[in-house]
Amino acid sequence: MDSFPHLSQALQGIPRPVAALASDYPALTAIPPHRHPRARLVYAESGIMTVKTDHGSWVVPPERAVWVPAQTEHAVHAKTAIAMRSLYIDPAAVPGLPLSCAVVGVSPLLRELILRATSLPHLYDPAGPDGRLVALLLDEINVLPTLPLHLPMPSDPRLAKIARAILEAPADNTTLEDWGERAGASSRTLARLFLKETGMTFGR
């Protein structure tokens, strides 16, 4: 296990377009909110984790990854024991990177490239085989397919309180009527606001 976040922050100044880091964590580990000057691809080689920002929550099952743009504050919660593999990508070296968070699919080729990247020396030779591997890795990242595993966070304070409670206890079966009594709003009002702010119903 790395001494996160200290090691990950130390990698931000590496004079290479990509810095890779392998990190293993036990179940229920919570990495507090932090940000990086580089974009980050957070990959779950095994286990399930959730990446959270002020704008939503991204569930990351095995063989998926989350794209986190540079300077985006995010926290990571391990639902199970996880083998986390992170790529830190210099936005200045790779123009056109996505500007919003998303869960992305990881092809078998990209998986092997990520794993290989975590074994490279941090100061790999950009003109040698390692540099060519990184170039192929970046080509694959540029065509990543996004997946619908985003839970948007509503901005209305009443809805945000409900959403946070559900994220903390997904098995909670409190009805919208009960939430309405606690929030001081009718269930109809809450249902309308949920759909308007998140694009999905409360039940979904």
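By class, the lining of the largest cavity comprises eight nonpolar residues, one polar residue and no charged ones, where Ala, Val, Leu, Ile, Met, Phe, Trp, Tyr, Cys and Pro count as nonpolar, Asp, Glu, Lys and Arg as charged, and the others, Gly among them, as polar. The residues concerned are Val18, Ala19, Ala20, Ala117, Leu120, Pro121, His122, Tyr124 and Val134, and strand E1 (residues 18-25) gives the most to this lining, with three residues. A cavity is a set of points on a 1 Å grid over the protein atoms alone where a 1.4 Å probe fits but cannot get out, and lining residues have an atom within 4 Å of a point. Grid points are joined across faces, edges and corners, and a volume is the space filled by probe spheres set on the points. On these terms the whole structure has one cavity of 30 Å³ or more, and the largest cavity holds about 70 Å³ of space.

The model is predicted, so that local features need pLDDT of at least 70 and side-chain atom pairs count only at pLDDT 80 or more, while totals for chains, interfaces and linings use all residues. Residues are numbered from 1 along each chain as its sequence is written, and side-chain values use heavy atoms, with hydrogens and water left out.

Tyr124, one of the lining residues, also has the charged end of Arg16 over its ring, 5.8 Å from the ring centre; a charge sits over a ring if NZ of Lys or CZ of Arg is within 6 Å of the ring centre and within 35 degrees of the ring normal. The charged end of Arg182 likewise sits over the ring of Trp179, 4.7 Å from its centre.

Trp179 belongs to helix H5 (residues 176-183), in which Leu176, Trp179 and Gly180 are buried. Seen down the axis of H5, these buried residues fall within an arc of 105°, so they line one face of the helix; the arc is that of the directions from the helix axis to the C-beta atoms. On the other side of H5, Glu181 and Arg182 are exposed. Buried here means under 20% relative accessible area, exposed over 50%, and partly exposed in between (1.4 Å probe, protein chains only). Helices (H or I, at least four residues) and strands (E, at least two) are DSSP runs, numbered from the N terminus.

Notes: On a 1 Å grid over the protein atoms alone, a cavity is a set of points where a 1.4 Å probe fits but cannot get out, and a pocket is an open set with protein on both sides within 12 Å along at least five of seven lines; lining residues have an atom within 4 Å of a point.
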